[in-house]
Amino acid sequence: MLCLGIESSCDETALALVEDGRLLDSVLASQADVHALFGGVVPELASREHYRYIGPLFDELMHRCQRQAADIDLVSVARGPGLLGSLLVGVAFAKGLALGLGARFLGLNHLHAHLLAVGLEQKLTFPCLGLLVSGGHTHIYRIEAPWRFLPLGRTLDDAAGEAFDKVGKLLGLAYPGGRLMDALARSGRADAGLFPRPYLDNDNLDFSFSGLKTAAAAYIEHYLDGRWPRPLQCVEDAPQALRDCCASFNLAVVDTLCAKVARALDRQPDLRTLIVAGGVAANTLLRERLKELMRRRGGEILAPGPALCTDNAAMTAYAGWLLGKAGFHHDLRMETIPRGRVVPEDMLCRAEQP
Ligand code: ATP
Ligand code: MG
Ligand code: FE
């Protein structure tokens, strides 16, 4: 089965082809440079950029894979969560293609696709625990099957990636700041007492990162002598105090994520596998610490390579292929689900199964 994946939920336009569970190729146009000028994603600009690139990217992908559009059996697209205008571009393109080609059509939960992506590199085992740490979301799931995600916890305010990016902005780092903060932290001295480990003193698996962001903002304003080039692009230009601040902040986020993952595993004693995904899953310290945590528990961690952590369409094509193989599909009336609209997490189960 040849499955085309289309991703346009935020600021990356991406398409990929997966055949029988194997990635043939993928193409991606990032709008990071466009939005960097504004220090964050501008929704109207994002939709227009998707509209500009999606057609040419499709042609390029088919050419690179030496396939005809008529060979496509299933068109799978991120239906949400994301920016409404951006999602609509991908979903409209996918529906038109499926209708024109007589191919099957499937709308995916973008967050579930993030977590399933690692199946392209390593063998997935179910049930497992899933930690999704991306730019807009921080969720913990019990994953029973590629089509069955049970939410156990989520952030009540900022996502982990958002906290990195907002603090990065206060530090004058190039947007988005997460990756550079990780790099700076590696040559910094972390002070474990500098920032709080937020929202651990409770009995749940939820997160709250906005207070940590405020604590970091206060520290930066009062104690950091901010004399370095702005926007800071590379580690070499950073003074030691900046590296130390990044190391302390990084450690606070990682400690908090690990504490709740450990709590989730305590409550789900049958789970031996942890999948970590989303842009923040590229974080060096987080990967090390989660790996160690799983090793101590006699389990294993599945974490995709960096290119599969951030937005891409390989994950959309692969997750679509997994669900398509199990018989799932949608009819063309399927709606887009933008960020903020409350829907049942298992909305994919509403897809039809023959
Ligand atoms: P969502 O999936 O929630 O809609 P998104 O897809 O835009 O959001 P991703 O592309 O998965 O988010 O991840 C982007 C985020 O990952 C950014 O916040 C970025 O700063 C962060 N990030 C990337 N690399 C690292 C790293 N090494 N350490 C920490 N954060 C990182
Ligand atoms: Mg992105
Ligand atoms: Fe994403």
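Colleague: Which helix does His114 lie in?
Modeller: In this predicted model, His114 lies in helix α4, and His110 lies in that helix too, which covers residues 110-116.

Colleague: Is His114 buried or exposed?
Modeller: His114 counts as buried, because it has 31 C-beta neighbours inside 10 Å and 20 or more are enough for that label. His110 is buried as well, with 28 other C-beta atoms within 10 Å.

Colleague: And what does His114 touch?
Modeller: Leaving aside residues up to four places away in sequence, His114 touches Leu132, Ser134, Ala277, Gly278 and Met315, whereas His110, counted that way, touches Ser9, Ala78, Gly80, Pro81 and Gly82.

Colleague: Which residues does UniProt list for "binding site"?
Modeller: The UniProt entry, which is unreviewed, lists His110, His114 and Asp311 under that heading. They span 202 residues in sequence, but no two of their C-alpha atoms are more than 9.1 Å apart, so they gather at one spot.

Colleague: Switching to the ligand, how many residues surround ligand 1?
Modeller: There are 24 around ligand 1, and the closest are Gly135, Gly136, Gly161, Gly178 and Gly279. By class, the shell divides into 15 polar, 5 nonpolar and 4 charged residues.

Colleague: Which domains does that shell around ligand 1 draw on?
Modeller: The shell takes at least three residues from each of domain 1 (2-119 + 310-349) and domain 2 (126-303). As for helices, α4, α5 (160-170) and α6 (178-186) each supply at least two residues of the shell.

Key
Residues are numbered from 1 along each chain as its sequence is written. Chains are lettered from A and ligands numbered from 1 in the order in which they are written. This is a predicted model: local features need pLDDT of at least 70, side-chain atom pairs count only at pLDDT 80 or more; totals for chains, interfaces and linings use all residues. UniProt positions are given in the numbering used here, feature names are shortened, and annotations may be inferred rather than shown by experiment. Helices (H or I, at least four residues) and strands (E, at least two) are DSSP runs, numbered from the N terminus. A residue is buried if 20 or more other C-beta atoms lie within 10 Å of its own, exposed if 12 or fewer, and partly exposed in between; C-beta atoms are placed from the backbone. Two residues are in contact if their C-beta atoms, placed from the backbone, lie within 7 Å. A residue is near a molecule or strand if its C-beta atom, placed from the backbone, lies within 6 Å of it. Ala, Val, Leu, Ile, Met, Phe, Trp, Tyr, Cys and Pro count as nonpolar, Asp, Glu, Lys and Arg as charged, and the others, Gly among them, as polar. Domain bounds come from an automatic or database domain assignment.
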